[in-house]
2 protein chains.
Amino acid sequence: MSSLDGPANIPVPPPILNPAGGANQVRVRAYNERLVLSLVRLYGALSKADIARRSGLSAQTVSVIMRVLEKEGLLSRGEPVRGRVGQPSIPMHINPDAVYSFGLKMGRRSADLVLMDFVGRIRMQLHRTYAYPLPDEILAFVTSGIRELEDRLDDKQRGRIAGLGIAAPFELWNWAEEVGAPPGAMDVWRDVDLQADIAARVSHPVFMQNDATSACGAELVFGVGPSYPDFVYFFIGSFIGGGIVLNSAIFSGRTGTAGAIGPLPVRGKNGETMQLLEIASIFVLENMLRERGIDPEPLWYSADGWVDFGEPMEAWIQDSAKALAQAIVAAASIVDFSAAVIDGGFPDWVRSRVVQATIDEAAKLDLQGVVMPEIIEGAVGAQARAIGGASLPIFARYLTDQNVLFKEVDHAERT
Amino acid sequence: MSSLDGPANIPVPPPILNPAGGANQVRVRAYNERLVLSLVRLYGALSKADIARRSGLSAQTVSVIMRVLEKEGLLSRGEPVRGRVGQPSIPMHINPDAVYSFGLKMGRRSADLVLMDFVGRIRMQLHRTYAYPLPDEILAFVTSGIRELEDRLDDKQRGRIAGLGIAAPFELWNWAEEVGAPPGAMDVWRDVDLQADIAARVSHPVFMQNDATSACGAELVFGVGPSYPDFVYFFIGSFIGGGIVLNSAIFSGRTGTAGAIGPLPVRGKNGETMQLLEIASIFVLENMLRERGIDPEPLWYSADGWVDFGEPMEAWIQDSAKALAQAIVAAASIVDFSAAVIDGGFPDWVRSRVVQATIDEAAKLDLQGVVMPEIIEGAVGAQARAIGGASLPIFARYLTDQNVLFKEVDHAERT
DNA sequence: GAATTAATAATTCAATTGGATTTATTTATT
DNA sequence: AATAAATAAATCCAATTGAATTATTAATTC
């Protein structure tokens, strides 16, 4: 048949991939255990028979796995469900006190340290505001904060802490002037490896992730995630950022910046091309207030401290909504997200107004051929970043990313 | 500790997910077999020991698996490699004649039917052009074409045909006037299920996928894919379309339209907002030529039939490059792709000019904060859609999507 | 209405299956 | 002699299969 050869010889560049490894029994068991835990978390409470049906595993296998998880204290049994023919089923649920985790949200205006339990509830928290962050102060806040919170736990509880997850912005030194930091004051951050510095002072495993990505992760697990297999997420903080969920898993991309979204080009009020973050960020509102002689301090202290600032705030919401609507159309043209989720470091009533305005603005755009996502409010709220941070240690150890058996290799490894 | 409860009760919507099932040994073997095949394909030729190292599987396991694959004729052994200490290693490579597959590319101007071998080479092909496609003619072309090509094979070869993969545009009836079809002529396509109709007339399994996504798949496997773990792909046909590769796997999204890219809003020549497909599509060039009294027929017959059309073509390339550059920035703001790959149904020299122009235009945009992908030419070329189509049956049966053990459930199942 | 029997479903026990690993051996080379 | 590839045999381990146990509701009989 070689005489029939058509146009051939497609050049194949040298492979750079390091595909995931092979499968074996040990990994299969680890995977199935995580799967079971994740299913229980997703549905709140499931019997062994339920898990067997939903996982496709045999009843016996599920029985064995769940007995182990119960023995380890990760699962606990609920009240038997009667009323149906047959032996009553025993719903198993996640034991909220099985695992605790610290989450640190470090921002341009404030830091939060939270202790989260195994079902995503904040059990304790500390808060600090500042004009701009400095490494030493952050380090002191974390180390003393962890000590303080741990003091309130007993020995047994302390032993169940899975680790500390940090949610922090990328490249803090950028855009420093926009938020009023003295020129050069943020340059110290260029040489700081916060994760390493904290790890050296804390006796727990330390994880770190972009703050908006973390918030997105919190939304995935504890918010609207279970209802939408993929969504684009916007978190409006001092600077707007975002994240991407695909196949019910965070997609953080090659450089970890997927879903950063801030630099997305949009058309500004006067038709000029601007970056999304120059419009839909809280620092913009802050500057608008300052220009009008209004004290913006209430913006930082706590999301609940916001008041209705009137006209400048309405203008900011309108501008932001216009920009967000464009960003959503652009995102939808690239991936057919089922939802666009908007949340931020502000009270719920502000979020509602932003989302409604964005829905209105989106309707005015040219949507031919675009599969538009549902535009909805985030369900987690202002603390999403800290919660997302705190989830990192828990997910690394106990839960599965949808259907990926073996985690992607580290970025460093794939050179 | 419950007295310390912080802000809690995050509402959890009803789960809609049907996460992937559990793992077991049978699936593990199937997965490992595909992994081995994929590794051999990726690297061209690897010894059993190499595979063991790269997969993390034990030498014995790999030995067993590869002997089976060799016995099945999928792998064949190369010349022993001497010159190093120890027993010489025997590189195993994919047997190109182990599996054949048909690929049908159906477009607005022409259709191609190809027979592809197991390493992605086109062995035979048929081509047909038309003013616009009609279901009956396409059906006749495929059925008679397959018969004709199969006649040139012997019985043994015929038995190795894995199936037929169709690459066709979404919603053919849209934009019909733009390409000069009589009003309403394309409406017949609304009620046609091409995949089912062809499957009823052909004795092979039939697969179908969007044409641009198919081209993207061909690029992933046979083109630049091995060098870039994620990229956004543009295929410039009668209409521009595209695809997305994440973690070395096609991402086709919830509705199968991820990476459609056509409706992406960009700024046109006069500052007005337009959709990418209204600028960077071959039908636009076609119309430009017609306006100037130039016969556009050479555009359709074959990519090699193109001639340099001079000024109108240069203008089209410039306009397209401006639009593509904006699309790439938008895509990069959402996902940090390592590359943006541009290919199309045109000769290589046109592709080179488009890519160079796009690189130049991208440099003029505001890139602060954007992780820009490398803008590169596709390595597969004008036949990418047909090759991608032909890969569908092969991939469904023999190769793995990176590290996903169990394929995502069908979209229909996840309601 | 109470007692009895059948049907159903959840769970577990015991035996089997099958694929990966481990250990030891053979082969071919520098 | 050292090294590396390849394979054979024995072992291990998690999932499955099929049977048994348990707890319940539903239907029937007295």
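Q: Is Asp187(A) buried, exposed or partly exposed?
A: Relative accessible area decides this: buried means under 20%, exposed over 50%, and partly exposed in between, with a 1.4 Å probe and protein chains only. This is a predicted model, in which local features need pLDDT of at least 70 and side-chain atom pairs count only at pLDDT 80 or more, while totals for chains, interfaces and linings use all residues. Residues are numbered from 1 along each chain as its sequence is written, chains are lettered from A in the order in which they are written, and side-chain values use heavy atoms, leaving out hydrogens and water. Because its relative accessible area is 37%, Asp187(A) is partly exposed.

Q: Which residue meets Asp187(A) in a salt bridge?
A: A salt bridge is a side-chain nitrogen of Lys or Arg within 4 Å of a carboxyl oxygen of Asp or Glu. For Asp187(A) the N to O distance is 3.6 Å, and the partner side chain belongs to Arg190(A).

Q: How many residues apart in sequence are the parts that Asp319(A) and Lys269(A) tie together?
A: The side chains of Asp319(A) and Lys269(A) meet in a salt bridge of 3.0 Å, N to O. Helices (H or I, at least four residues) and strands (E, at least two) are DSSP runs, numbered from the N terminus. Asp319(A) lies in helix α10 (residues 311-334) of chain A, whereas Lys269(A) lies in the loop between β12 (265-267) and β13 (273-275) of chain A, so the pair ties together parts whose separation in sequence is 50 residues.

Q: Which is buried and which is exposed, Asp319(A) or Lys269(A)?
A: Lys269(A) has a relative accessible area of 64%, so it is exposed. Asp319(A), in contrast, has a relative accessible area of 18%, and therefore the buried residue is Asp319(A).

Q: In which helix do Asp50(B) and Arg53(B) both lie?
A: Asp50(B) forms a salt bridge with Arg53(B), and their closest N and O atoms are 2.6 Å apart. At 24% relative accessibility Asp50(B) counts as partly exposed, while Arg53(B), at 61%, counts as exposed. The two residues are 3 apart, about one turn of the helix, and both lie in chain B, in helix α2 (residues 48-55).

Q: Are α8(A) and α10(A) roughly parallel or roughly antiparallel?
A: Axes are lines fitted to C-alpha atoms, for helices over the stretch in contact, and angles run from 0 to 180 degrees between N-to-C directions; under 35 degrees counts as roughly parallel, over 145 as roughly antiparallel, 65 to 115 as roughly perpendicular and the rest as oblique. Helix α8 (residues 282-291) of chain A and α10(A) pack with their axes 10 Å apart and at an angle of about 150 degrees. That angle makes the pair roughly antiparallel.

Q: How are α10(A) and α10(B) oriented towards each other?
A: These helices pack with their axes 10 Å apart, at an angle of about 95 degrees. That angle makes α10(A) and α10(B) roughly perpendicular.

Q: Where is Trp175(A) found?
A: Trp175(A) has a positive phi of about 60 degrees although it is not a glycine. At 18% relative accessibility, Trp175(A) counts as buried. Its place in chain A is the loop between β7 (161-168) and α6 (194-201).
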